[in-house]
Amino acid sequence: DWGNDCECADCRALDAPPAPGEAWNRNLTDRYLYLANEVIKEARKTDPNVKVSFYAYSVYRYPPKKLRVEPGIVIGFVPSMQTWQQTDEMYKQWRAKGADEMFQRPNDQHINTGLPMGIEKMLFRHFQVGIKNGITGTDYDSMHSFWPSTGIADYILARGHIDPSKSFQYWFDEYCSAFGEAAPDVKAYYNYWRKDVFENRLLKNRAAIIEKGRYGNFRRGLMWDLGKYYFEKDFDITDKILERGFKRKLTQLQKDRLGKMLLANTHCRLTLRAVAAPSAEKLVKGKELLSQELILKKHQLF
């Protein structure tokens, strides 16, 4: 993924000269593009319609400086997680260098911890940046399948692929409609995690979280400092929101769906307690009690 780039004279000769004050290995796109260009030239001797694909990732995600992209090369563009202010411009720069087919391979879901994250709007917004720039497809990494906590993000992304013209709010409303009369409560639940936690805490402290996690790892930094950003009161508030919905007139299927969300909220509360425990001794002593609490909650719901 990163580092240990070859420094031999032949490889260095392929690289564009770094800008003043820039590390020699900050942008190595031209050496990767050179390989892809040479491969497709050879392959066309056998099949004139052949295509070659490679990821534009890590230190080779930047648009090339020296070379142009040969026709028929498909670029899997991997923009840096959450640094999307410049992504639109980078798409344009790749196009200007001849990239006529690109698909989007973001690392957005790598930040998913299994706790309620509120990442659904960010993922959808980043998907729309790709749509705006004419991507022919997507390739998502780190599909964790934490459905009761963050599955709404996967759902909205999938539905957005079916009809990219629809807004985030449209798909958000559709997802929550599956809970019948509890839809307003489910919306309030997801809005809390997205607005109060993700946007107002996590994104505002993104730089500190990444620094804590080392090597740009947001998820690791968040889990190592979890007690700074998640609090018991978050689960108190969201439990009450879901319990309010549970009191409405619901079908059995709707109750089951809401019950799984409540159970997941309890799982996540206990995860917070375990990760943020001040000492291993306290965690071990409380392990049996925490397990009993989770089992009790499951019996209450089902």
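1. Cavity lining. In this predicted model, the largest cavity is lined by Q109, N112, I119, S142, M143, H144, S145, F146, T150, A153 and D154. Its volume is about 50 Å³. The count of cavities of 30 Å³ or more comes to 2. Rolling a probe the size of a water molecule over the atoms is what shows where empty space is left.

2. Two faces of β2. Side chains in a regular strand alternate between the two faces of the sheet. I73, I75 and F77 point one way from β2. V74 and G76 point the other way. Both sets are buried.

3. Partners of β2. Strand β1, residues 52–56, pairs with β2 in the parallel sense, over 5 bridges.

4. Surface patch. Where does V39 sit? V39 is in helix α2, which spans residues 29–43. Together with Y34 and L35, V39 makes a nonpolar surface patch of about 270 Å². V39 has 38% relative accessibility, so it counts as partly exposed. Partly exposed lies between the buried limit of under 20% and the exposed limit of over 50%.

Methods: Residues are numbered from 1 along each chain as its sequence is written. This is a predicted model: local features need pLDDT of at least 70, side-chain atom pairs count only at pLDDT 80 or more; totals for chains, interfaces and linings use all residues. Side-chain values use heavy atoms; hydrogens and water are left out. Buried means under 20% relative accessible area, exposed over 50%, partly exposed in between (1.4 Å probe, protein chains only). Helices (H or I, at least four residues) and strands (E, at least two) are DSSP runs, numbered from the N terminus. Two strands pair if DSSP finds at least two bridges between them. Patches are made of residues with over 30% relative accessible area and no salt bridge: like charges are joined within 9 Å, nonpolar side chains (Val, Leu, Ile, Met, Phe, Trp, Tyr) within 5 Å. Accessible areas come from the Shrake-Rupley method with a 1.4 Å probe; for residues, only the protein chains shown count as cover. A salt bridge is a side-chain nitrogen of Lys or Arg within 4 Å of a carboxyl oxygen of Asp or Glu. On a 1 Å grid over the protein atoms alone, a cavity is a set of points where a 1.4 Å probe fits but cannot get out, and a pocket is an open set with protein on both sides within 12 Å along at least five of seven lines; lining residues have an atom within 4 Å of a point. Grid points are joined across faces, edges and corners, and a volume is the space filled by probe spheres set on the points.
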